[in-house]
Amino acid sequence: MSSPLLQIRDLVIDYGKGADRFRALHGCSFDLEPGQVMAVVGESGSGKSSLVRAVAGLVAPASGEMLLDGQVLPPLRQRPPHTRRMIQMVFQDPGASLNPLHRVQAIIEEPLRVTGYGDAAGRKRRVAELMDMTQLSADLATRRPRELSGGQKQRVAIARALAMEPRILIADEALSALDFTTQDHVSRLLSDLRRDLNLAMLFVSHDMRSVRRMADDVCVIEKGHVVEQGAVSDVLYNPKSAYTRLLLAAALNPRAALSDPRLAEALENGEAVSEDALKGVMDIIRGGALMGDAR
Ligand SMILES: Nc1ncnc2c1ncn2[C@@H]1O[C@H](COP(=O)(O)OP(=O)(O)OP(=O)(O)O)[C@@H](O)[C@H]1O
């Protein structure tokens, strides 16, 4: 049997050294198959970015194993070019990740130029293809980032990532900075790309609607510990850990969660809540409208 595209085993991530050492991730394991989308969810500071940044090679794990196609995945600077190309990342702030002085054509072309893709005419054709794939109209090619909307900027960042023909796309809160409608459009684009290119994704998000729409599996992290992972259909509709229930209630319907004083207090203090209060959370979660069904 062939090995999974990506295997993560007991990944531990530390920042700092000696007495200042802080463990951001206490062991995380999962497999990612071609075309599979794994969502990573958790509160701010829970370790989601640390996990995906390690996969991208931007953070060196303290221990554990990362295998790509069965081969050890070293830190970025030791990755051979073809391995680097296979994992690309799109960040939260599309504005900050694009060179403000360059035009869209040059921004998307840059990785092609750096990797020696074709001649100028071939690169221009490829940029046009990538813009078409990411639903950017051709006339935007001559614009600079400040002349684009947030959604258009994020599409440019996605087009640039796709120029490398990755097999894994990491989207770290890539939708968070966008307005509600644009989030929908960009998440649909990512779903289409996943289907058309058989692209696997690690999708870090606070937005449970996008997680439900896009992801096959979900990994829930609380203060650096994986508290629950599995199929989205299990974890989001029948969460086992109290933390997942609280997270869902808070994310899906903060007003409802906070209107329950027991939950409000627990959320505020990061405390465990009674089984009784959790039953209330389950009612909130099971109300389909909260998952976007009513839209
Ligand atoms: N370079 C760093 N040096 C020291 N500590 C760090 C560093 N990067 C992250 N941390 C700490 O590690 C923990 C996990 O951070 P991380 O960014 O992975 O969380 P997150 O779940 O992605 O949060 P957010 O949703 O706010 O981005 C946090 O406590 C954070 O302060």
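1. The largest nonpolar core of this predicted model has 75 residues, and among these Met38, Val40, Ile170, Leu202 and Phe203 touch the most other members. The element that gives the most to this core is helix H9, spanning residues 242-252, with seven residues. The core also draws at least three residues from each of two domains, namely domain 1 (34-60 + 73-231) and domain 2 (237-295).

2. If residues up to four places away in sequence are not counted, Ile170 touches Val52, Val55, Ala56, Ile87, Met89 and Leu202, and Leu202 is itself among the residues that touch the most other members of the core.

3. Turning to the ligand, the residues around it are Tyr15, Phe22, Ala24, Gly42, Ser44, Gly45, Ser46, Gly47, Lys48, Ser49 and Ser50. Strand S2 (22-26) and helix H1 (48-56) are the elements that give two or more residues to this shell, and the largest share, three residues, comes from H1. Sorted by class, the shell around the ligand has three nonpolar residues, seven polar residues and one charged residue.

4. Some totals place these details within the protein as a whole. The secondary structure comes to 12 helices and 11 strands, and 40% of the 295 residues count as buried. Among the contacts with a separation of 6 or more, 64% are accounted for by residues 24 or more positions apart in the protein.

Key. Residues are numbered from 1 along each chain as its sequence is written. This is a predicted model: local features need pLDDT of at least 70, side-chain atom pairs count only at pLDDT 80 or more; totals for chains, interfaces and linings use all residues. Helices (H or I, at least four residues) and strands (E, at least two) are DSSP runs, numbered from the N terminus. A residue is buried if 20 or more other C-beta atoms lie within 10 Å of its own, exposed if 12 or fewer, and partly exposed in between; C-beta atoms are placed from the backbone. Two residues are in contact if their C-beta atoms, placed from the backbone, lie within 7 Å. A residue is near a molecule or strand if its C-beta atom, placed from the backbone, lies within 6 Å of it. Ala, Val, Leu, Ile, Met, Phe, Trp, Tyr, Cys and Pro count as nonpolar, Asp, Glu, Lys and Arg as charged, and the others, Gly among them, as polar. A nonpolar core is a set of buried Ala, Val, Leu, Ile, Met, Phe, Trp, Tyr and Cys residues joined through C-beta atoms within 7 Å. Domain bounds come from an automatic or database domain assignment.
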